[in-house]
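Me: Please take a close look at the metal site of this model. Then connect it to the rest of the chain.

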Amino acid sequence: MTPDFAVFDGHNDFLLRLQREPARREEIFLQRGASGHLDLPRMREGGFAGGLFAIFVPSPATPGTPSLEEITRNPPYDSALPAALSPQAAQPVALQAAAQMLWMERAAPDDFAICRNVAEIRAAMARGAIAGVMHMEGAEAIDPGLDALHVFHALGLRSLGPVWSRPTAFGHGVPFRFPGDPDTGPGLTPQGKALVRECNRLGILIDLSHLNGKGFDDVARISEAPLVATHSNVHALCPSPRNLTDRQLDRIAESGGMVGLNFATIFLRPDGRRAADCGLEPMLRHLDYLIGRLGEDHVGFGSDFDGCTVPDAIGDVTGLPHLISALQGHGFDKMLLDKLTCDNWVALLERVIG
Ligand code: ZN
């Protein structure tokens, strides 16, 4: 059965899986797997037509410290920010991640395309190829002089978050804490402000997800582009510092920006737990709230597939049709569903990357 909806998604961490096991990349990408959330056969089955693919440089594990997976199981929790990474340490890893995305296009040219603008996104989707937009989650690989920004832009980078939940030369991310407020520290550094201006100039989307409150305000003040949080939810419904306060949602709305609904249970559930037994109800509540606050043209999905624990009721990308059925049952009509699943992201990207 062909899914009725083509989903364009604001965030996934699939490249990290390829990067961790490059020797198994053909199997991981091309064959239907039982672990993880994404691979080509399952993207097809779930109606996943494209999205932002994140380049991410993991922090080294600290022996004796519990993992984020363990920490987030039982709120309340408060974990220290991981240490900053130097551009010298981060650049080779980020290049390897970008190389995985270039390899995906080489390995399956009929099925996957790196898209540098919306004309390329539309062309890929029209020929049935998955439209991938290169995103960077945390700008550790960018030197403060921004030379590497131009290198990655030439490779296809069209979206960038100045920080993951970690400090960079550009700004400060929010910690993994629950409950908590996004106002956790200082705003963008002078280099961070220069980064925002250069991204504006190059047509690179600036992602506010993971950025702290003062950093958010700095981007809001400086950026000429609509404000976008690719994978964040509603703070009033789930008080995580990763979620957006009403004031932040209003700034995004004023700018004509966009929020992608994060499927991670730690950002959906009122209790902030990493526990998949919550059904789809929390997703409906966050979507209702986002649509109420931003309007129906400014909300989409930002699944965080392959980077988080999603509700059992979704499971992996093949569960997208279940979510869409639930939204139909919730009273969302075809026009609204087209906007949420794809059209809003494409329209937003057209305004930002061209
Ligand atoms: Zn993230």
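Reply: What follows starts at the metal site and then works through the chain.

This is a predicted model: local features need pLDDT of at least 70 and side-chain atom pairs pLDDT 80 or more, while totals for chains, interfaces and linings use all residues. Residues are numbered from 1 along each chain as its sequence is written, and side-chain values use heavy atoms, leaving out hydrogens and water.

Start with the zinc ion. Its protein donors are Glu137 through OE, His210 through NE2 and His231 through NE2. Donors are N, O and S atoms within 2.8 Å of the metal (3.2 Å for Na, K and Ca); water is not among the atoms, so the site may look incomplete. Along the chain, the donors follow the spacing E-x72-H-x20-H. Glutamate 137 sits in strand β5 (residues 130–137), and histidine 210 in the loop between β8 (205–206) and α9 (213–222), so this pair ties together parts 73 residues apart in sequence. Helices (H or I, at least four residues) and strands (E, at least two) are DSSP runs, numbered from the N terminus.

Is glutamate 137 buried or exposed? Glutamate 137 is buried, at 5% relative accessible area. Histidine 210 is buried too, with a value of 5%. Buried means under 20% relative accessible area, exposed over 50%, partly exposed in between (1.4 Å probe, protein chains only).

Strand β5 leads on to helix α7. The buried residues of α7 pack against β5, and also against β2 (48–55), α5 (87–107), β6 (157–161) and α8 (190–202). Contact here means heavy atoms within 4.5 Å. Helix α7 covers residues 147–155, and Ala148, Leu149, Phe152 and His153 are buried in it. Viewed down the axis of α7, these buried residues fall within an arc of 145°, so they line one face of the helix. The arc is that of the directions from the helix axis to the C-beta atoms. Asp147 and Ala154, on the other side of α7, are exposed. Glycine 156 follows α7 and has a positive phi, near 125°.

Now the backbone elsewhere. Most residues other than glycine have a negative phi, and most peptide bonds are trans. The bond from proline 75 to proline 76 is cis, with omega near 0°. Proline 76 lies in the loop between α4 (68–71) and β3 (77–78). The bond from phenylalanine 178 to proline 179 is also cis, with omega near -10°. Proline 179 is in the loop between β7 (177–178) and α8.

Two aspartates deserve a check. Aspartate 304 has a positive phi of about 65°, although it is not a glycine. Aspartate 304 lies in the loop between β11 (299–301) and α13 (320–329), and counts as buried at 7% relative accessibility. Aspartate 306 also has a positive phi of about 65°. Aspartate 306 lies in the loop between β11 and α13, and is buried at 13%.

Finally, the whole chain. It has 14 helices and 11 strands. Buried residues make up 60% of its 354 residues. Among contacts between residues at least 6 apart in sequence, 74% join residues at least 24 apart. The C-alpha atoms fill a box of roughly 50 × 45 × 40 Å, taken along the principal axes.
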